[in-house]
Amino acid sequence: MLNKQIVFASPWVAEVRERREDVPALGRGQAWVRKLYTLISPGTELACLSGHESWFDLPGVPGYASVSEVLQVGEGVQGFAAGDVVFHYGDHSAYQAVDTNHVFVKAPKAVPLQWVPFVRMANVAFTSLRVSSIELGDAVAVTGLGLVGNMAAQLAKLQGANVIGIDLSRQRLKQAEACGIDHVLFAGDGDVRDRVSDLTGGEGVSALIEATGVPQAAVDALPLIAKYGELILLGSPRSAYKTDVTDVLNYVHLDGRGCITFKGAHEWRFPVRRDPFVKHSLARNSAVVLDLIGRGRLKIEPLISHVLKPEEAAGAYLGLRDDKDRYSGVLFDWSAD
């Protein structure tokens with residue numbers, strides 16, 4: 001058989017390769033799957049394509065958001081059989097052997113297949129809610145309304161917050177409105193602080209979820225946070241930024257500056273599988289998200305900008321890097337393979 005893969009060959013070079021291979025001898029707990037759709041995670045994958053992610057070796061196959069059909073299961077696999085359609089953390093390839101003891105969840109028949117890979121982005125966003133102190137009626141701001149930030153804003157609203165979305169892209173603001181976010185603010189207007197103050201009765205937001213991963217965005221957002229509020233770092237910081245660290249720390253330390261709590265919201269702080277001694281896990285989050293999507297409470301359709309063939313990968317990544325207003329939720333359609 002021919003297995004097609006998207007490969008990051010070298011910095012900023014994405015290409016499609018085919019290789020002939022046999023169906024592998026499956027290990028215990030493994031399944032052999034055929035991809036239907038995979039979703040690009042823009043922040044992580046562009047960082048990998050740039051060659052600046054130390055954990056990702058070039059050349060390499062990127063991707064970790066898939067919906068697939070199970071073709072075969074190995075010894076010890078329980079609850080899954082050939083023909084099942086599943087959400088899992090799969091790469092951008094036509095076929096793959098997958099560990100069913102990782103995140104491997106049946107996709108509800110009522111959920112459109114193109115929506116299922118977005119569970120991965122919601123899982124990333126979910127951590128910001130899990131670590132937060134957000135309660136019904138709180139004011140919450142989200143800076144950065146890409147896929148992860150949009151999901152965080154939607155989840156914060158489902159948790160009962162009045163949500164303010166902030167971004168430099170007017171298209172992303174429109175997407176956030178289409179997803180039901182209460183208020184959207186264009187970060188380039190220069191009056192964001194005043195607008196947030198007006199929307200919160202002069203108090204500021206009790207929680208700010210920083211989803212851009214840009215260090216300066218986190219620092220600039222500190223004045224938006226209410227006294228004893230929290231800054232939740234959801235986006236992974238990747239670039240150098242020089243500032244007055246003492247001033248930043250005084251937002252944490254001094255009562256007059258707010259005594260703000262900083263919290264990290266890295267997805268992997270929770271176990272992958274369900275654990276009787278730990279309430280939250282990536283597998284449980286996935287099931288919760290699929291239920292929310294199936295009941296129409298978490299909006300996916302407004303986030304889809306492109307459904308492309310794998311052969312169009314090079315243009316997709318350039319679009320995500322250079323044309324963020326038109327490229328956001330980009331899916332690869334493997335169903336013809």
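These legends walk you through close-up views of a predicted model. Local features here need pLDDT of at least 70, and side-chain atom pairs count only at pLDDT 80 or more, while totals for chains, interfaces and linings use all residues. Residues are numbered from 1 along each chain as its sequence is written, and side-chain values use heavy atoms, leaving out hydrogens and water.

**View 1. Strands β1 and β2 form a hairpin.** Strand β1 (residues 2-10) pairs with strand β2 (residues 13-20) in the antiparallel sense over 8 bridges. Strands are DSSP runs of E with at least two residues, helices are runs of H or I with at least four, and both are numbered from the N terminus; two strands pair if DSSP finds at least two bridges between them. Look for F8, whose bridge partner in β2 is A14. Between the strands lie 2 residues, and W12 in the turn has a positive phi of about 65°.

**View 2. Six strands make an open, parallel sheet.** Follow the order β10-β9-β8-β11-β12-β13. β10 (183-186) and β13 (261-264) are at the edges with a single partner strand each, so one side of each has no neighbour in the sheet.

**View 3. Strand β9 sits beside β10.** Strand β9 (residues 162-167) and β10 share 4 bridges in the parallel sense, and I164 stands opposite H183 in β10.

**View 4. Helix α2 passes α3 in a right-handed crossing.** Which residues of α3 make the contact? They are L147, V148, M151, A152, L155 and A156, where contact means heavy atoms within 4.5 Å.

Key
A crossing is left-handed if the near helix is turned anticlockwise from the far one by less than a right angle, and right-handed if clockwise.
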